[in-house]
Amino acid sequence: MFTALLIEQLLNGLQLGVMLFLMAAGLTLIFGVMGLINLAHGSLYMIGAFACATVAAATGSFWIGLIASLAAAAGVGAIIEVAVIRRLYDRDHLDQVLATFALILILSEGARWLFGSFPLYLDIPPLLQGAVPLPGGGQYQLYRLAIIGVGIAVAVGLYLLISGTRLGMRIRAGESDREMIGALGVDIGTLYTVVFALGAALAGLAGALVGALQSVQVGMGEPVLILAFVVIVIGGIGSIKGALVGAVIVGVVDTMGRFLLPSMLALAMPASQATTIGAALASMLIYVVMALILAFRPSGLFSAQS
Amino acid sequence: MNRILAASLLGLSLATSSLAHAEPVKIGVITTLSGGGAGLGIDMRDAFTLAIKQSGNKDVELVIEDDAQKPELAVQIAEKMIQGDKVDLMTGIIWSNLAMAVVPNTVAQDVIYLSPNAGPSALAGANCNPNYFNVAYQNDNFHEAMGQYANKDYKNAFILAPNYPAGKDALTGFKRYYKGDLAGEIYTQVGQTDYAAEIAQIRASGADSVYFFLPGGMGIAFMKQYAQSGVGIPVMGPGFSFSQDVLPAIGDAALGVKNSATWSKDLDNEANKKFVEAFKAEYKRLPSIYAAQSWDTANLILAALSKASVKDKDAFRTALKAADFKSVRGEFAFNNNNHPIQNIYVREVVKEDDGALTNRIIATAFEDHKDAYAEKCGM
């Protein structure tokens, strides 16, 4: 029984990691190519979830909602890039943080104005309801397995896009020398808009997928944003590979910490204390791991800059 | 010299005008109108303003401000209301951590505060205050009721709550009356949105029931994921997690869940019928428990105003304490610590004919329940 629980928890960690990867990939891509710290990334995640919930409620189909979430997040992302972000590339990071923080407030209150203050309803599609058996007698929810699948597909897709296409070539070129590819005649403005919209679409996808598991409400993006920043700092800022590895580390460490720490402490102290202290330690664990990794690899595991 | 004359003339005319009219009363309402917890504050504000409007009392002036669920902001607003607006009474705060930041300082400045929701234990016991009235509940109450009710059917409950003071109060309250064994006890992170790891432990624990306190979006996330996981062990919770503001977001996953509350839409008394009708007519949605508590707070204030002047603090406090108003919760009285003595019910989530999810009372967990801290209060 314990083996089954262990496998289930590992899968839970993997699923959390994959979800974080969808967020972190866009964040790190935007930072890598444009050198921009985008705090409003969590708002794009929220927009994806709201779009999916609204369209799914209107049409009765989660899948149409999912497409709507990609379109809405990419669309809003492109508009934001053209209207606001474009003016920030030459500014220092403090200005970027200030402006994108303002965007969080504008998008949150905008969402409240459009959708109201009460959480929306979004359920997992009938096709993915139910569970699959695990070795050892456990079972695992099909929808969460599907999220893991989507995350792996996105990781492979991004790898192929960046290593094998003309757009990917330009993205890589943009990462290593921004001025030079502009001088070589690449339309850098369009490239930036496309990259930003791509990152936004990934955040929107994550929002829609997770929206079916939790509450679709204003402000849902900010807690995830913090974890996504932890992920890209661990993985190395600007590196997609780093984002993937960092996300899985954070997901698994967080889940296993929450699961194992209280029961391990219970061997050494009274149960009631163990649960409280264990919970407190578990919530710190990923930051401890981040500190340890940064102590040995100050620029992260796979820094794009080094 | 002229200026002094003008000022004194103005003062004189103000003094006479206030003699001519009934005394204006200024009520400061600090509540959460933006951010993730705004649904609760909006219900609070809407019910409060509706109650004042329906009373036809033109002398009540409301100063409403949004605290964005931030304690430091709430403290600033409270200072502004007391020093700048010179409010006579204050109310509105939804969250216990904000109440802890605002209430002690407010009542120390001799401003009367009436809580429409939060009831932290720290304000109910030794630190009770004559200027602090809690019209809602003491934080432990709902959990105590569910612990009591759980004894009927369950012997091995799994309990969980977020790792912060109200979460610990919740599980303490539950355990105060629950007599069975615990299959497990987990403190989750505040703001956690994924409960897969906890649900896996519940599945493996062999529990016969689950009790959880996860306010706001955390509860929605937990209930959806719990239903999707197919664990199937009966779930119980406090009424907050199955209140009218969150039920639509949880959906059918909430059907049949037992939860405790001091109020329900179907509670059979005249005041409640009138309240539910009025709220539905005005706002085209069903009221939540926050709306009900806030409606009671407004009516308590109105009742006290008809008996005493708000400028005469002693008389006004006595008028408030008499609680001479028609509560939507039925019988209502204040205990020595200015916290309610009231019934606590067990409700079940049901679907109405039009498909809307709502609650129905199925049992009474406590009659005339008092909180556990009252005896430590010196009042």
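Predicted model: local features only at pLDDT ≥ 70, side-chain atom pairs only at ≥ 80, totals over all residues.

Reader: What makes α10(A) and α11(A) roughly antiparallel to each other?

Author: The axes of α10(A), residues 240-265, and α11(A), residues 271-296, cross at roughly 155° and come within 8 Å. Angles over 145 degrees count as roughly antiparallel. The two helices, α10(A) and α11(A), are therefore roughly antiparallel. The crossing in which α10(A) passes α11(A) is right-handed.

Reader: Which residues make this contact, and how do they divide by class?

Author: On α10(A) the contact includes A:I249, A:V253, A:G257 and A:L261, and on α11(A) it includes A:I277, A:L281, A:L285 and A:V289. By class, the contact of α10(A) with α11(A) has 14 nonpolar, three polar and two charged residues.

Reader: Why are α5(A) and α6(A) called roughly perpendicular to each other?

Author: Helix α6(A), residues 166-176, packs with α5(A) at an angle of about 80°, and their axes are 5 Å apart. The term roughly perpendicular covers angles of 65 to 115 degrees. The angle falls in that range, and α5(A) and α6(A) are therefore roughly perpendicular. The residues that meet are A:L161, A:I162, A:S163 and A:G164 in α5(A) and A:L167, A:G168, A:I171 and A:R172 in α6(A). They divide into four nonpolar, three polar and one charged.

Reader: What is the angle between α2(A) and α3(A), and what is the handedness of their crossing?

Author: Helix α2(A), residues 41-59, and helix α3(A), residues 62-83, pack at about 145°, with their axes 7 Å apart. The crossing of α2(A) and α3(A) is right-handed. Among the residues in contact are A:L44, A:I47, A:A51 and A:V55 of α2(A), together with A:F62, A:L66, A:A72 and A:V76 of α3(A). The contact of α2(A) with α3(A) has 14 nonpolar, five polar and no charged residues.

Reader: Why does A:L6 count as partly exposed?

Author: A residue is buried with 20 or more other C-beta atoms within 10 Å, exposed with 12 or fewer, and partly exposed in between. A:L6 has 16 C-beta neighbours inside 10 Å, and so counts as partly exposed. A:L6 is placed in helix α1 of chain A. Its C-alpha atom is separated by 46 Å from that of A:L88, which is 82 residues apart from A:L6 along the chain.

Reader: Is B:Q69 buried or exposed, and how do you know?

Author: B:Q69 has 24 other C-beta atoms within 10 Å, and is therefore buried. B:Q69 lies in the loop between β2 (60-66) and α3 (71-84) of chain B. Although B:Q69 is not a glycine, its phi is positive, at about 60°.

Reader: Is B:K86 buried or exposed, and what makes it so?

Author: B:K86 has 11 C-beta neighbours inside 10 Å, so this residue counts as exposed. The loop that holds B:K86 runs between α3 and β3 (89-91) of chain B. Phi of B:K86 is near 50°, which is again a positive value in a residue other than glycine.

Reader: Why does B:L160 count as buried?

Author: The count for B:L160 is 25 C-beta neighbours inside 10 Å, so B:L160 is buried. B:L160 belongs to strand β6 of chain B, residues 156-162. Beyond its neighbours within four places in sequence, B:L160 is in contact with B:I186, B:T188, B:E198 and B:F212. The C-alpha atoms of B:L160 and B:L171 are separated by 7.4 Å, and the two residues are 11 apart along the chain.

Reader: How many residues are in contact between chain A and chain B?

Author: There are 36 residues of chain A in contact with 33 residues of chain B. α1(A) gives the most to the side of chain A that touches chain B, namely six residues. That side of chain A has 17 nonpolar, 13 polar and six charged residues.

Reader: Which domains does the assignment give for chain B, and how many of their residues are in contact?

Author: The domain assignment gives domain 1 (22-137 + 268-338) and domain 2 (141-261 + 344-372) of chain B. Taken over C-alpha atoms, the centres of these two domains are separated by 27 Å. In chain B, 14 residues of domain 1 are in contact with 16 residues of domain 2. Helix α2 of chain B, residues 38-55, gives the largest share of the domain 1 side, three residues.

Key
Residues numbered from 1 in each chain as written. Chains lettered and ligands numbered in written order. Axes fitted to C-alpha atoms, helices over the stretch in contact; angles between N-to-C directions. Helix = DSSP H or I, 4+ residues; strand = E, 2+ residues; numbered from the N terminus. Parallel < 35°, antiparallel > 145°, perpendicular 65-115°, else oblique. Left-handed = near helix turned anticlockwise from the far one by under 90°. Contact = placed C-beta atoms within 7 Å. Nonpolar A, V, L, I, M, F, W, Y, C, P; charged D, E, K, R; others polar. Domains from an automatic or database assignment.
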